[in-house]
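Subject: A structure for you to explore

Hi there,

Here is the structure I promised to pass on to you. Have a look at it first, and then read on for my notes on what turned up in it.

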Amino acid sequence: MSFWDRLWRGGSAQFEFDSGTAATNTIELTKRHPVVSLSKQGAATGNLRVNLSWRMRTSDIGGPEKNSLLRHPFSMFKPDVVQAHTQSMVNVDLDLGCLYELVDGEKGVVQPLGSLFGALNEPPYVKLSGDDRFGSASGETIYVNLDHRDAIKRLLVFVYIYDQTPAFDRTHAVVTLYPSNGPRIEIHLDERAPQARSCAVISIENVKGDLVVRREVKFVYGFQAELDRLYGWGLQWGRGYKSKVAGR
């Protein structure tokens with residue numbers, strides 16, 4: 001297929017990378033293909049790294065609007081005009097958290113609010129690190145110790161906006177899972193929910209020994225308590241704050 005044929009066909013190949021390829025070494029979970037098994041790809045041991053990265057959308061940082069390639073096919077060869085960020089740009093700060101339920105009935109949350117950072121080698125076997133050593137834009141990374149997978153019943157990884165303007169629609173956020181083996185798994189938060197403050201991104205459930213990752217991407221207008229009600233965790237919630245060390 002020629003280059004121009006691809007332009008005219010538009011989105012005909014939008015699901016090309018859903019199941020991962022040797023070239024990308026990535027599985028993208030989508031509405032059409034929302035589930036993957038860590039066990040079946042030999043990735044149910046070691047530390048699972050869950051990373052949140054995000055950037056502002058071009059249209060919201062003073063960038064130029066793109067012309068349609070169909071109406072202006074040669075505009076792709078014209079360089080973009082470099083523009084500075086404006087002071088009116090909304091300051092968006094996304095944070096990463098995880099609700100957990102263990103087989104013995106213990107439930108809780110790992111998140112920056114309340115300095116609930118968890119533990120990796122003891123219950124809940126989930127730990128949050130705010131250290132930006134992996135180069136993510138937000139510096140948010142959660143580790144799950146899958147060597148203790150038999151103790152884990154289910155996890156829910158979520159993203160929320162802490163104490164700032166709700167603006168999920170102004171960011172391009174990606175949550176990426178890096179298993180100990182096999183391709184990484186990506187979930188894009190690309191649905192428009194301009195007033196939402198929280199989003200359930202993925203669930204990880206132990207189904208008779210099989211660790212199943214499912215794309216959720218459900219936006220809510222409240223915070224963790226609303227996610228709790230949506231997924232039936234049954235925790236008691238109060239107002240939380242970041243410590244100076246945990247905050248950015």
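The side chains of E101 and K153 come together in a salt bridge, with 3.5 Å from N to O. Please keep in mind as you read that this is a predicted model. The two partners belong to distant parts of the chain: E101 sits in strand β4 (residues 94-102) and K153 in strand β9 (residues 152-161), 52 residues apart. Are these two residues buried or exposed? E101 is buried, because its relative accessible area is 7%, which falls under the 20% cut-off for that word. K153 has a relative accessible area of 41%, so K153 counts as partly exposed.

E101 also meets the side chain of R154 in a salt bridge, this time at 2.6 Å from N to O. R154 lies in strand β9 and E101 in strand β4, so this pair ties together parts that are 53 residues apart in sequence.

How many salt bridges does the structure hold? There are six. Another one of them joins the side chains of E191 and R215, at 3.1 Å from N to O. This pair, too, links distant parts of the chain: E191 is in the loop between β11 (184-189) and β12, while R215 is in strand β13, and they are 24 residues apart. E191 is partly exposed, because its relative accessible area is 23%, whereas R215 is buried, because its value is 11%. Salt bridges with shared partners join K31, E191 and R215 into one network.

Why is β13 (residues 210-220) described as largely enclosed by the rest of the structure? Nine of its 11 residues are buried, so the rest of the structure largely encloses this strand.

Which strands pair with β13? One of them is strand β12 (residues 198-207), which runs antiparallel to β13 over nine bridges. Another is strand β2 (residues 35-37), also antiparallel to β13, over three bridges.

Strand β6 (residues 118-119) and strand β7 (residues 126-129) pair in the antiparallel sense over two bridges, and A119 stands opposite V126 in β7. These two strands form a hairpin as well, with six residues between them, and Y125 in the turn has a positive phi of about 65°. β7 also pairs with strand β8 (residues 140-145), again in the antiparallel sense, over four bridges. To find that pairing on your screen, look for S129, which stands opposite T141 in β8.

That is everything I wanted to hand over. Enjoy looking around, and do write back with any questions!

Best wishes,
Your colleague

Conventions: Residues are numbered from 1 along each chain as its sequence is written. This is a predicted model: local features need pLDDT of at least 70, side-chain atom pairs count only at pLDDT 80 or more; totals for chains, interfaces and linings use all residues. Side-chain values use heavy atoms; hydrogens and water are left out. Buried means under 20% relative accessible area, exposed over 50%, partly exposed in between (1.4 Å probe, protein chains only). Two strands pair if DSSP finds at least two bridges between them. A salt bridge is a side-chain nitrogen of Lys or Arg within 4 Å of a carboxyl oxygen of Asp or Glu.
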